[in-house]
Amino acid sequence: MRTALLSGFVAGLLLASLPAAVAADRNVDIVNNTKKTLKEFYASRTNKNAWEENIIGDDPVKPGETQPVDIDDGSGGCRFDFKAIFSDGDEVINKNVDVCAVSTMTYK
């Protein structure tokens, strides 16, 4: 009986820690190595047809600056499309970025 209780307890601990062990880091540093300010930055799952909210909000990334962003949308997914909009209206789209493996997105 004691062995069965101990086995059940250990199994419960392993299951409880599983999400933490499987959780991936979805933080990406946005590096602006251009000569213009990055005004808006969007990240949406690759299977979406619309862009999510502007992640950087009212905090633009000036030339030479780096800004960390949390890409995790709660879905557990790793593949996202990025859209960066600069002060001169230029847009750069990066498709199918693996945010579980990529920790930096540099714009040049």
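Lys 36 is partly exposed, with a relative accessible area of 22%. Partly exposed falls between buried, under 20% relative accessible area, and exposed, over 50% (1.4 Å probe, protein chains only). The model is predicted: local features need pLDDT of at least 70, side-chain atom pairs count only at pLDDT 80 or more, and totals for chains, interfaces and linings use all residues. Residues are numbered from 1 along each chain as its sequence is written, and side-chain values use heavy atoms, with hydrogens and water left out.

Lys 36 forms a salt bridge with Asp 88 (3.2 Å, N to O). Here a salt bridge is a side-chain nitrogen of Lys or Arg within 4 Å of a carboxyl oxygen of Asp or Glu. Lys 36 sits in the loop between β1 (27-32) and β2, and Asp 88 in the loop between β4 (79-86) and β5 (91-98), so the pair ties together parts 52 residues apart in sequence. Strands are DSSP runs (E, at least two residues), numbered from the N terminus. Asp 88 is partly exposed, at 46% relative accessible area.

A salt bridge also links Lys 36 to Asp 90 (2.7 Å, N to O). Asp 90 lies in the loop between β4 and β5, and Lys 36 in the loop between β1 and β2, so this pair ties together parts 54 residues apart in sequence. Asp 90 is partly exposed, with a relative accessible area of 37%.

## The other salt bridges

The whole structure holds four salt bridges. One of them joins Lys 83 and Glu 91, with the closest N and O atoms 3.8 Å apart. Lys 83 counts as buried, at 14% relative accessibility. Glu 91 is partly exposed, at 48% relative accessible area. Shared partners join Lys 36, Asp 88 and Asp 90 into one network of salt bridges.

## A negative patch

Asp 25, Glu 52, Glu 53, Asp 70, Asp 72 and Asp 73 form a negative surface patch. Patch residues have over 30% relative accessible area and no salt bridge, and like charges are joined within 9 Å. Asp and Glu count as negative. Each charge is placed at CG of Asp or CD of Glu.

Glu 53 is one of the patch residues. Glu 53 lies in the loop between β2 (38-45) and β3 (66-70). Glu 53 is exposed, with a relative accessible area of 63%.

Key. Patches are made of residues with over 30% relative accessible area and no salt bridge: like charges are joined within 9 Å, nonpolar side chains (Val, Leu, Ile, Met, Phe, Trp, Tyr) within 5 Å. Accessible areas come from the Shrake-Rupley method with a 1.4 Å probe; for residues, only the protein chains shown count as cover. Helices (H or I, at least four residues) and strands (E, at least two) are DSSP runs, numbered from the N terminus.
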